[in-house]
Structures are given as structure tokens and as C-alpha cells.
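The sequence and the structure are shown first.

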Amino acid sequence: MTGVNRKLGILLSGRGSNFEAIHRAIAAGTLDAEIAVVISNREAAPGIETARRFGLKTVVMPSQGVPREQFDRELVRVLNDHQVGLVCLAGYMRLLSGYFVQAFPQRIVNIHPSLLPSFPGLDAQHQAFDYGVKFTGCTVHFVDEHLDNGPIILQAVVPVEEGDTYDTLSARILAEEHKIYSKAIGIILSGAYRIEGRRVVSVS
Ligand code: GRF
């Protein structure tokens, strides 16, 4: 499709393995997109170091103590400076203001390590494990003003095995995250979907 803005802005706060998976998919040619900028709100985020190593444009914007909307206005400015068309949250540990969400309507996506709407919030893998579910997984969804709430683009199911520990389960969920995030970004960039209420429906 012509005219689609394929420039991604990645926001992260930590390890950055989902960012790396997106980068890999682009390098492998399975995702037609470009990472325009990687932004971290934490100086020490390993993901930002990886992005530098990859030769990508990086910006560190320490957020501690900065009022939410003031911080988000600056963030929107940086994303716009890089002509970002789709914002990808990849382990970004900060709630977004209404201002930010409205600046990129249906152009912000997030990956969450559970089958939403079960286990939103922090440490979803632990929550699911402790609850004793037999199936969990991960979800890629559009971001709205509520936590882990927007319309769902893709999910992957991960069975909980008898011998699982929190770590083995989290590792299997993460492996699925790395597959579905790039796939979901590809769906959005293809434009071959529409949002009906909460449902993301394919159109051909
Ligand atoms: C992932 O589990 C993701 O689902 C959640 O934060 C974690 C980030 O991991 N939103 P990484 O930084 O991408 O390795």
C-alpha cells in the first residue's frame, strides 16, 4: 500500500528483547518497516545500549520526577521530529497520558505477557502462574488511556506444564511475544484491518 508511514518509534525501559525481535524481523525482510528512533526513559536500560550497537537513532529521556503530561509532550515532540507513524511500546514502564494517546490515535501498540483481559498490570506471568491457570500467553493490543486495555490485534496461547516454574513459563511466553509482536505490526502497517468496537477485524 502506498502512503503508509512505516517508521516505528520504539519506547522501552529495560532489557529490550522485544525491540530486538522487531529489529531482527526487519533485517530478515519479514517485516517491512523502519526503526526511526528508540527512546528510553531510563538511562541504564540495556535495550538502549543494544540500539546504539545496532547503529540506530537513540534518545534517552529520564522521566523520574517529571510530571506525566510534561514528559509526554516532549516525547511526542521527539517522535514527531523523527516522523514516527507507529509507536511500539516494548517494555515501557510508564503510564501514558491522555495527551500522548490522543497524539497518536490507534497508532500506539503494546505487548503484554498474558492473555488479556486476564492479568493486566505488572508481573503478569507471576500473576497467571500463582493463579494456577492451565493456559496463559501474550497479547498485542492498541493502547488507549486505560492500562492494558485497547483492542486486541493478536494473541498467542502458552500452556502451563506440570513441571513449569515461573522462569520456564516466562521464557516460553517471551518466545511467543517475539513472534507475534512483529506479526501484529505487519498487520497494522498493511492497513488490512478495521476496528469494530473492540474487535480488530481483517479486511482483504
Ligand atoms: C515483556 O514481557 C513485555 O510483554 C512486557 O514487558 C516485557 C519487556 O521485555 N510489556 P523486553 O524488554 O522486551 O525484553
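## Contacts and overall fold

Among contacts in the chain between residues at least 6 apart in sequence, those joining residues at least 24 apart make up 63%. The model is a predicted one. Its chain contains six helices and nine strands.

The radius of gyration of the chain is 16 Å, which agrees with the value near 17 Å that a compact globule of 204 residues would have. Along the principal axes, the C-alpha atoms fill a box of roughly 50 × 45 × 35 Å. Buried residues account for 46% of the 204 residues of the chain. The accessible surface comes to about 10200 Å², and carbon and sulfur atoms contribute 52% of that area.

## The largest pocket

Rolling a probe the size of a water molecule over the atoms shows where empty space is left. The largest pocket of this model holds about 960 Å³ of space. Its lining consists of 37 residues, and those nearest the centre of the pocket are Gly91, Tyr92, Met93, Ile111 and Pro113.

Which elements each supply at least two residues of the lining? They are helix 1 (17-28), strand 5, helix 5 and helix 6 (166-190). Helix 6 provides the largest share of the lining, with six residues. Classified by type, the lining of the largest pocket comprises 15 nonpolar, 14 polar and eight charged residues.

## Backbone exceptions

A cis peptide bond links Leu116 to Pro117, and its omega is near 10°. Pro117 is located in the loop between strand 5 (108-112) and helix 5 (124-131). Both of these flanking elements, strand 5 and helix 5, also contribute at least two residues each to the lining of the largest pocket.

For Gln83, phi is near 55°, and the residue is placed in the loop between helix 3 (68-81) and strand 4 (86-89). The relative accessibility of Gln83 is 49%, so this residue counts as partly exposed. Gln106, which is not a glycine, has a positive phi of about 50°. Its loop runs between helix 4 (98-103) and strand 5. Gln106 is likewise partly exposed, because its relative accessible area is 47%.

Is Val78 buried or exposed? Val78 counts as buried, because its relative accessibility is 8% and the cut-off for burial is under 20%. Gln70, in contrast, is exposed, with a relative accessible area of 52%, where the exposed class begins over 50%.

Distances to Val37 can be given for both residues. Val78 and Val37 are 41 residues apart in sequence, and their C-alpha atoms are 8.9 Å apart in space. Gln70 and Val37 are 33 residues apart along the chain, with a C-alpha separation of 20 Å. When neighbours within four places in sequence are left aside, Val78 is in contact with Ile39, Val59 and Met61.

Ser170 lies in helix 6, the element with the largest share of the lining of the largest pocket. Ser170 is buried, because its relative accessible area is 13%. Between Ser170 and Gln102, which are 68 residues apart along the chain, the C-alpha separation is 32 Å.

Val201 belongs to strand 9 (residues 199-202). Which residues does Val201 contact, leaving aside its neighbours within four places in sequence? The contacts of Val201 on that basis are Ala192, Tyr193, Arg194 and Glu196. Between Val201 and Leu115 there are 86 residues of sequence separation and 18 Å in space, from C-alpha to C-alpha.

Terms used:
Residues numbered from 1 in each chain as written. Predicted model: local features only at pLDDT ≥ 70, side-chain atom pairs only at ≥ 80, totals over all residues. Heavy atoms only, no water. Helix = DSSP H or I, 4+ residues; strand = E, 2+ residues; numbered from the N terminus. Buried < 20%, exposed > 50% of the residue type's maximum accessible area, 1.4 Å probe, protein only. 1 Å grid on protein atoms, 1.4 Å probe; cavity = no way out; pocket = protein on both sides within 12 Å on 5 of 7 lines; lining within 4 Å. Points joined across faces, edges and corners; volume = space filled by probe spheres on them. Nonpolar A, V, L, I, M, F, W, Y, C, P; charged D, E, K, R; others polar. Rg over C-alpha atoms; globule rule 2.2 N^0.38 Å. Contact = heavy atoms within 4.5 Å. Areas by Shrake-Rupley, 256 points an atom, 1.4 Å probe, with all protein chains shown as cover.
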